Amino acid sequence: MTTVEHAVGATGASGRIGLNRQSITGLVFGLLGIALLAGVAPAISGNSRRFNFEPPPDPAGIGFHPPTWVVAIGVLFLLTAVLGFAPPEARRWASPARLLSALAVIPLLLVLSLALSDNPSTNIVNLFNESLVLATPLALGATTGLWCERSGIINIGIEGTMLAGAGIGYMTYATIGDAQSTGWLWFSILISVLAGGLVAALLAVLSIRFGVNQIVGGVVINLFALGLTGFLRSEVIVKTGITTGVGTSEFGLPLLSEIPVIGDQLFRGKPIYWMMYLVVIGTWLVMFRTPWGLRVRSCGENPHAAETLGVNVVRIRYQSVILGGLIAGLAGAWFSMESQTRFEDNMTNAAGFIALAALIFGKWTPWGAFGGALLFGFSRALGTRLQFLGVEVSGFEIPSEFLQALPFIVTLVVVAGAVGRSIPPAAAGQPFQRSK
Amino acid sequence: MNGARNANAGVGRAASQIHRVLTEAWRLQPLYVSLYAILLSFVVGGVLISIIGVNPFTAYWALLRGMVGGGDEIAGSVARSVPFIGSALALAFAFRAGLFNIGAEGQLLAGGITAAYVGALSWMSDLPGFVAIPLILIAGTMGGAIWGGIPGVLRTKTGAHEVISTIMLNSLVLFGVRWMVNSRDPVVLRDTESTVPRTDSISDTAVLPELVDSQPVLHVGLFALVGICFVVAFVLKRTTFGFEVGTVGLNPHASHYAGINVNRVIVASMAASGAFAGLAAASEISGTNGFFQPGTFFLMGFDGIAIALLARTNPVAIIAAALLWGSMLSGAPLMQQEADVSIDVVRIIQAMVLLFVAADAIVRYLFRVRELDQSPFKATSIEGAM
């Protein structure tokens, strides 16, 4: 956001809402707490329910009494609300309490959904694992956005970059490996990654060399990737007749996967899923623990100051955007060679935009973005689970669309600054011209 | 390499020939970049077509006949273009106020579902057409305006950038309408007798009269959207509000000190933008489909961005750009049928058009066009998009 906006758009807001924000959050939690204690807890079934930690038969797990949990979480919400209005000396507890309450929403959702279902138990370790797996492309996409925006280039072309990676990777696999051979599979994943880098290089050239508006550049990429992959699908992939094949296979991490009960569920997975962790950790290490990472961040905050200190802003921006593209290419490979082994038109289905939301939700930090991706992954996994459990509220099923929409609402609230404002890198979106 | 350079010089010479003819004969100066961008994109598309072993001229000839080969084809092309006018205006108007509305995709859905809901209300069939039709169009327009106004309000009240909030709102409304047309238990807006998820058909009285029975049908919505373009052109050029919009777009800071209510202008332009998208959606629902399906508007909002930029955000030029866009999509199936070239080639060509219009430096370099004015799409004109 520019200073102009601050001056014009939010002059009154910064003072007024700043004061009110805590009270508003407190009020919301207070109302939720009262609703839980007075409305929900007496209404839900008092039959005991069970969270299992492993698949049947005879799973380990914990039994619980749903109303008790609802009451406990309701009390927590009320405490948070009270702390929001507490005298200043007690305020330092308000912020951790808010965080705890926000996190408590997840167990609350789980308890409620099980209490409202006819099934007495469900495997939550498996649900957690599904969330992580579904978060893979989102976390990778958000990391792409992180690299681009931290260096000062807004990338709304993540969607297109992923799609190009998915399409070109699978095309390679189908044409030269018949979608069967493991060796060619890895070669094709590499091609996906490179394709992502190439597409991002196009964005970099447009926005850095030609000074094109970065959002327009992103739209170009999205439209172009959609056309290109559609063209390649009908002209190449369909003509090979290989519409599906062998994708990456699961393996267990040594030692960890032998942990009793949870090991086999949490520490078995497919390779791109594991690479996602490496990418997130690597991004955090490089961006926040190396001189080069510091330079990247400085280009996104104040490129002219960085230039004064001898940083080659143009080169750093090229490097970051292309690195981001390589990561998005890997996310593309997840779609067409790990999650499924085929390619369909518009296969990424807005994952790139969701990744962008996760990035914003995570306030432009690697772990925050990962957390955001996990939230989106969880809401999708929970949606499927609720349908499976047949959860009903007063005779109506909870639509999975509601759960999928929930993270977007949360992100919108975060962007609007109602709960912990999300502020982008200062120079993101601004073209840079070398000083003469 | 040498050969390539010679070829390049050849292209350059041919280009400057064309350039001279155009300058002297038609005074098309302001259109150069757009025209050359289109030409260049077709060249790139032609290269792609030759790679798959098809003669590009055969393919393009089929495409051209699909676009304007006969009365039905022309009517079909025009019909296909109509909604694009609205989605392009949605970007262009906000752009004049310095806002980047990439939410046309969601505003179309919001307008479309509202129009379909109002159009299928039971008492609509009792109303005469001259009441029912304006009603359904106004409903769609309002739906779009409200959904477009939200990011405007968020921007003025909290500073949330409209690019981010419109992306979120696009997804939100998509999930919302999906639920409304999918859900059987409870039935929200789904037509329970239909096998595909869609809303009930709108009342016969709310159907826009058709002009030509082409594929898709050309209906009276054409006049509504073309008319709106001229109204917008008038508002921007000749009214106080239009002046305020332009001033805020150029410099909100200065506008503020000049006494313009910047927040009001921002909300009003976003709402107006959404209204144009909503009108386009309503005219599609009422004139073409007769019911609402989420897939109808897929990519239409993003295409609108490309069209608006191709037209350099000039409301009247948008009509021409939308016609080009829609007719290409409408002509593509014939190209696929006759030359066996995937219709996606058209999508690639369209992306290239947007690319060359946005990166006009490439076009200016290749065709030696002098810089006439500051291009409105340079990033510098929207001070830091986030």
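Reader: Happy to dig in! What ground rules apply to the numbering and to this model?
Author: Residues are numbered from 1 along each chain as its sequence is written, while chains are lettered from A and ligands numbered from 1 in the order in which they are written. Since you asked about the model, it is predicted: local features need pLDDT of at least 70, side-chain atom pairs count only at pLDDT 80 or more, and totals for chains, interfaces and linings use all residues.

Reader: How many residues does domain 1 of chain A bring to its contact with domain 2 of chain A?
Author: Chain A is divided into domain 1 (17-116) and domain 2 (126-415), with bounds from an automatic or database domain assignment. Their centres, taken over C-alpha atoms, are 32 Å apart. Two residues are in contact if their C-beta atoms, placed from the backbone, lie within 7 Å. On that basis domain 2 of chain A gives 9 residues and domain 1 of chain A gives 6 residues.

Reader: In what order do the strands of the open sheet in chain A lie?
Author: Helices (H or I, at least four residues) and strands (E, at least two) are DSSP runs, numbered from the N terminus, and two strands pair if DSSP finds at least two bridges between them. The edge strands are β2 (61-64) and β3 (121-123) of chain A, each pairing on one side only. The pairing is mixed, and the 3 strands follow the order β2-β1-β3.

Reader: Which residue in β2(A) stands opposite A:R49?
Author: Strand β1 (residues 49-52) of chain A runs antiparallel to β2(A), joined by 4 bridges. In that pairing A:N52 stands opposite A:G61. For A:R49, the residue opposite is A:F64.

Reader: And what is the bridge partner of A:R50 in β3(A)?
Author: Here β1(A) and β3(A) pair in the parallel sense, over 3 bridges. The partner of A:R50 in β3(A) is A:S121.

Reader: Are α15(A) and α16(A) roughly parallel or roughly antiparallel?
Author: Helix α15 (residues 366-389) and helix α16 (residues 400-415) of chain A pack with their axes 8 Å apart, at about 170°. Axes are lines fitted to C-alpha atoms, for helices over the stretch in contact, and angles run from 0 to 180 degrees between N-to-C directions. Angles under 35 degrees count as roughly parallel, over 145 as roughly antiparallel, 65 to 115 as roughly perpendicular and the rest as oblique. So α15(A) and α16(A) are roughly antiparallel.

Reader: How many nonpolar residues does the contact of α15(A) with α16(A) have?
Author: Residues meeting there include A:L375 and A:F376 in α15(A), and A:L403 and A:P407 in α16(A). Ala, Val, Leu, Ile, Met, Phe, Trp, Tyr, Cys and Pro count as nonpolar, Asp, Glu, Lys and Arg as charged, and the others, Gly among them, as polar. Besides 6 polar and 1 charged residues, the contact has 7 nonpolar.

Reader: Which element gives the largest share of the side of chain A that touches chain B?
Author: The two chains meet through 55 residues of chain A and 55 residues of chain B. By class, the chain A side divides into 36 nonpolar, 15 polar and 4 charged residues. Elements supplying at least two residues each include α2 (11-43) and α8 (214-240) of chain A. The largest share, 16 residues, comes from α8(A).
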